[in-house]
Amino acid sequence: MTTDAATEVFVEHRPVLMGVAYRMLGRVADAEDVVQEAWLRWSGVDRSDVREPRRYLVRITTRLAIDRLRQLRSRNEAYVGPWLPEPYLTDFGDTVPDAAERAVLADSVSLAVLVVLESLSPLERAVFVLREAFGFPFADIAVTLERSEAAVRQLAGRARKHVDEGRPRYEVDPAERRDLTERFLAAAAEGDLEGLMSMLAPDVRLVGDSGGRARAPRRVLESADKVGRFLVGVTRKGVADVSFRSLEVNGGPALLVLSAGKPDSVFQLDVADGRIQCVYIIRNPEKLVSLSAG
């Protein structure tokens, strides 16, 4: 395989590798570092011995991501306030034409699922990502993790049980979610507390991630009254030279708030039964770097 051919193969599989690495790590920059290291390994290997490049590249990426995740765990212990994944642009478009596959990929990268995945062991997380998001056979995962197939099946069962118990189960119409997101923006921008309250579920939660580097609640807010008043208070204080952009991140619609053209925060909503169940706010500047204000 020539160098040009090897590059073409890697570029072809890069979206899958990035998808695996991001779901393992929850951080775009760390995922990109892992994929770059996978490229260095790929460029240096004797590719005549590689029968299935996709399987080989996923194996390398997964192992590198496990090592990186173990390094990051100690860093997270000192994180200030609630932790949320870094927003990840996910406009699958024509790259995933099958609607069912698109739904699985979107669900596996949602903020709610990634938060739960943080509580899994690195091996459990790897099994969940490879099996649930990308449909790899247990036999392939066993080779990747250097474990028996029986052990991998046990890891998969524990991971699936933990995720099912830890995440909310919302059956959401994407159009309804997008409509509520737009109405949410309008009401928040106008400081319309009554309008906001009409959209919030009674037990709505607000999770703000600032890492201690921007203004955001240091604890999860619960109840429509607390969340509504907080949102109105934020809009009344205002953001300098504010503008908004609609994005698709982590499998769903989101709002990017810009201040003087630079990313200030990202809002995303979990919706069910026509009401907002959870408001996610990401304000840690480090987590907004990958979102171009373009």
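Visitor: Which residue is the bridge partner of Leu206 in strand 2?

Guide: That partner is Leu221. Before we go on, this is a predicted model, in which local features need pLDDT of at least 70 and side-chain atom pairs count only at pLDDT 80 or more, while totals for chains, interfaces and linings use all residues. Residues are numbered from 1 along each chain as its sequence is written, and side-chain values use heavy atoms, leaving out hydrogens and water.

Visitor: Why do strand 1 and strand 2 count as paired?

Guide: Two strands pair if DSSP finds at least two bridges between them. Strand 1 and strand 2 are joined by two bridges and run antiparallel, so they meet that cut-off. Strands themselves are DSSP runs of E with at least two residues, and helices are runs of H or I with at least four, both numbered from the N terminus.

Visitor: What makes strand 2 and strand 3 the edge strands?

Guide: The open sheet has six strands in the order 2-1-6-5-4-3, with mixed pairing. Strand 2 (221-222) and strand 3 each pair on one side only.

Visitor: Which residues does Ser265 contact beyond its neighbours within four places in sequence?

Guide: Ser265, in strand 5 (residues 262-272), is in contact with Leu255, Leu256, Val257, Ile281, Ile282, Arg283 and Leu288. Its relative accessibility is 3%, so Ser265 counts as buried too.

Visitor: What makes Arg68 and Asp33 a salt bridge?

Guide: A salt bridge needs a side-chain nitrogen of Lys or Arg within 4 Å of a carboxyl oxygen of Asp or Glu. For Arg68 and Asp33 the closest N and O atoms are 3.6 Å apart, so the pair qualifies. Arg68 belongs to helix 3 (residues 53-76) and Asp33 to helix 2 (residues 28-44), so the pair ties together parts that are 35 residues apart in sequence. Arg68, at 22%, is partly exposed, and so is Asp33, at 41%.

Visitor: How many salt bridges does a search of the whole structure find?

Guide: The search finds 22. One of them joins Glu124 and Arg158 at 3.1 Å, N to O. Glu124 is in helix 6 (residues 122-133) and Arg158 in helix 8 (residues 149-166), so parts 34 residues apart in sequence are tied together. Glu124 is buried at 13%, whereas Arg158 is partly exposed at 45%.

Visitor: Why is Glu286 called exposed?

Guide: Its relative accessibility is 55%, so Glu286 passes the exposed cut-off. Glu286 forms a salt bridge with Arg213, with 2.9 Å between the closest N and O atoms. Arg213, at 49%, counts as partly exposed.

Methods:
Buried means under 20% relative accessible area, exposed over 50%, partly exposed in between (1.4 Å probe, protein chains only). Contact means heavy atoms within 4.5 Å.
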